[in-house]
Amino acid sequence: MASTIQALPTEVVYLITAGEVIDSLASAVRELVENSLDAGATRIVVYLWPQQWRIRVADNGCGMNLEDLQQAATAHSTSKIRSSDDLWKIHSLGFRGEALHSLTTLAELEILSRPADGNLGWRVVYGDDGKAQTVEATAIAPGTVVTVSNLFGNCPSRRQGLPSAAQQIKAVQATIHQIALCHPQVTWQLWQNDRIWFTISPATTTGQLLPQILPQVRQGDLQELKLEIPHPTKSALSLVVGLPDRCHRHRPDWIRIAVNGRMVKSPELEQTILSAFHRTLPRDRYPICLLHLEISPDQINWNRNPAKTEIYLNELNYWQEQITQAIDQALRIDDANFKDAVQTTRVSKLLKAAEEKGSYQFNPSKTESTQHSLKAVAQVSNTYIVAEHPGGMWLVEQHIAHERVLYEQICDNWQLVPVEPSIILYQLSPAQVSQLQRIGLDIETFGEQLWAVRNIPTLLQQREDCAEAILELSWGGDLQAAQVAVACRTAIRNGTPLSLPEMQTLLDQWQRTRNPRTCPHGRPIYLSLEESALARFFRRHWVIGKSHGI
Ligand code: ADP
Ligand code: MG
């Protein structure tokens, strides 16, 4: 049988390459919206008519003059790069000059555009070769309106392969959310079938925008941090961290990484983030953490996949280290974020419920104090330490605060010391014996059903319940689980009376821990009552002085 090699028809080539980038409603929306952002838009309106497979994106960006507009949809035409050298200097979201051209092969494309300095706009309809077919003057505001109709109309099998309309719409929403979080300064409006669907108001930072997208979290549940990193070239690292005692998720769905304005997948960096939250959250819970790296483009290779959602980062280890340090910093309680420690949701609800509506202006200078030491003032129920600080009053649970202190000490310095006489244990299973060996204990048979343990963790020295503690360790888990168990067992029990100096020592030690907000099981350690909330609760703004003749 004769075989012939033939060039694929051009339109098929288009479909193949276009298909890699635009394969759904959401990816078409993403490409158009990214063009708007590259054009410097601060206001973007997206209209969807899913049944008609029609999308319109209107922006107030720089617009295009007639010449550029006619050129915009021809193959590989872009205003963003000129040569291959430029690939290493990419600052824009787009650069392949492919999206609009692909859309002409997959759908009907019409663009209206007017440059900021032009007094006239133009409307262009493109043919499926990307060339301008209809060109006419039109009256529009400066900016660009792109309309894509009948998407995948020439390719019914493509449409059939797609998920249900409802799922596609969800995907569009997720896409807009992702992009909005990377560009918090933009105002968004989304329409579906000529009805307003949702809006996103602009914010100064990603953390301020997040509650609009994730309504369960409040501003006070988050800690933001921005670090300038001079090496290897001027870069920035921004973090939004959900405080582990305030919020967490049952799936790792809010660990997000953005690089230079675009959300990306980076399993390596996701792992770094997870590790940084190790032992701060309850079992099977995941942190909220948004990381945005702004790095010199020559440190990034976007060609890991065509949709530019995965990247290779130069000096990965270096970035992992920076990220770990930044998260550590965000989780501490220190000068920088002390005053941001607002009360928990429950308390604020309580205070709100009791609070009369009305404007109250708290004098912020009172909380600006840089002195941040917690001062122990009393113990309640032999369980809670009442601590005072310039911004208000905290209750610290003594057992778990101490557990956090001990746990970090143990992790930093897991030491085993010899015991004399040995500790004798009865009736261990082979699994228990090997578990004890795995965490470093020196254990040997001592007779029928008897074992001798010759060394123990330093912290367990001089404890009467040492044998019990070792039995507990033998029940499994890794070294870290063993460390948690030892910390928990050795920490001051609730119900133990403490003197003021003892409480003060504990507070001082606890404040210096790396993760003071939660214990290694993820339980919150303190409850804060901020002065501002207390003042509101006690209606200190009421002007009653005059009526009382004060
Ligand atoms: P790329 O974004 O990779 O350059 P596209 O095919 O998406 O390629 O866009 C082609 C060109 O059309 C862009 O480089 C830009 O100059 C212009 N363009 C597209 N959309 C807009 C817009 N909303 N506002 C201004 N110019 C735009
Ligand atoms: Mg583009």
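This is a predicted model: local features need pLDDT of at least 70, side-chain atom pairs count only at pLDDT 80 or more; totals for chains, interfaces and linings use all residues.
In which sense do β20 and strand β21 pair, and over how many bridges? The two strands, β20 and β21 (residues 450-457), run antiparallel and share four bridges, with pairing called when DSSP finds at least two bridges between strands. Residues are numbered from 1 along each chain as its sequence is written, and side-chain values use heavy atoms, leaving out hydrogens and water.

Stepping back, β20 and β21 belong to an open sheet of three strands, ordered β19-β21-β20 and paired antiparallel. The edges are β19 (416-426) and β20 (443-447), each pairing on one side only. From one strand to the next, the twist averages 30 degrees. Helices (H or I, at least four residues) and strands (E, at least two) are DSSP runs, numbered from the N terminus. Helix α13 (residues 466-474) lies across β19 and β21, at about 80 degrees to β19; angles run from 0 to 180 degrees between N-to-C directions, with axes fitted to C-alpha atoms, for helices over the stretch in contact.

As for helix packing, α11 (residues 398-412) meets α15 (residues 500-511) at about 50 degrees, with axes 9 Å apart. The contact (heavy atoms within 4.5 Å) involves residues including Arg404 and Val405 of α11 and Leu506 and Trp510 of α15.

Methods. Chains are lettered from A and ligands numbered from 1 in the order in which they are written.
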